[in-house]
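Student: Can we go through the salt bridges in this one? I'd like to take them pair by pair.
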Amino acid sequence: MREETPALENFVKDLNTTFYRCVSQSFSQTRLRPWNGWEEILKEIEDVFDAQNHNVPPDALSIIDFGCGNGRFGFFLQNELPFPIHYVGIDNNIALLEEAKTKLSGQGFEVADLTSPLELARVRGGVRFDIAACFGVFHHLYGQKTRVHLLDEILSALKSPGLACLSFWQPLNNARYFEQSQKNIALLRRSHPHIPFDVFGTQDLFLSWQERRDAFRFVHSFTKQEIVEFLATATSMYPDVKIRSIFNTNAGNDTDNTYAILQKG
């Protein structure tokens, strides 16, 4: 039976933090192009915040990006939207944030643990945003409770009207990730003998990076049903939130990502 304990959650968090600290430079070099799903998200943003409908804020469209990495979503919106943006990116990796600052001069960046409500509250300071984004993050979180807490933070950060733009990775659509994970678990059992790897679920993977065998990341592969049920918690927590769109681009290397757009108000 799958266990969700503080000890396992901390192990996963430390593993992922170490992974991105070790590979941040090479990882970022492969994360320069926009995700395929962002074009569809751009259309949804322009549809909701349409100047003709008087929904565009007078100064700039405000965006908070949970797990912003090197800032490429903010850079994408800054270049593609027909109106200015005010962007705040949050991540726990200082190297990636420094890179993001070079792309998005004049925007805001904060170091924070996305699993800590106290840190997120400090960063946000009660401010609400037109758009809250969270790409490539939920699959790194261990346990439904932790994921729901972050979802709550994302939705509470929204104005009304506001859009939450999310992604859910499904690497088990590709058999090579399962095979890689099985090999990595054998290595991790030796280096972390105190961790009961058998308690992790069948959708939980431990992936490495390129040819390295000294850095591993935890990844949960979402099923379609899990995504539907997870998004249902959003509408139960916030009656004024509705699911606007769920889609998969089925393009290039992005076939394993499902995107969801939630609208508040």
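Student: How many residues apart in helix H4 are Glu 98 and Lys 101?
Tutor: Three, which means they are separated by about one helical turn. Helix H4 covers residues 94-103. Keep in mind that this is a predicted model.

Student: What do Glu 98 and Lys 101 form?
Tutor: A salt bridge. The closest N and O atoms are 3.2 Å apart.

Student: Is Glu 98 exposed or partly exposed? And Lys 101?
Tutor: Glu 98 is partly exposed, at 42% relative accessibility. Lys 101 is partly exposed too, at 39%.

Student: Zooming out, how many salt bridges does a search of the whole structure find?
Tutor: Seven.

Student: Which residue meets Arg 189 in a salt bridge?
Tutor: Asp 198. The N to O distance is 2.7 Å.

Student: Is Asp 198 buried or exposed?
Tutor: Exposed, because its relative accessible area is 65%, and the cut-off for exposed is over 50%. Arg 189 has 38% relative accessibility, so it counts as partly exposed.

Student: New pair. How far apart are the closest N and O atoms of Arg 212 and Asp 214?
Tutor: 2.9 Å, in a salt bridge. Arg 212 is partly exposed at 30% relative accessibility. Asp 214 is also partly exposed, at 49%.

Student: Last one. Which residues are linked with Arg 244 in a network of salt bridges?
Tutor: Glu 44 and Asp 47.

Definitions and conventions. Residues numbered from 1 in each chain as written. Predicted model: local features only at pLDDT ≥ 70, side-chain atom pairs only at ≥ 80, totals over all residues. Heavy atoms only, no water. Salt bridge = Lys/Arg side-chain N within 4 Å of Asp/Glu carboxyl O. Helix = DSSP H or I, 4+ residues; strand = E, 2+ residues; numbered from the N terminus. Buried < 20%, exposed > 50% of the residue type's maximum accessible area, 1.4 Å probe, protein only.
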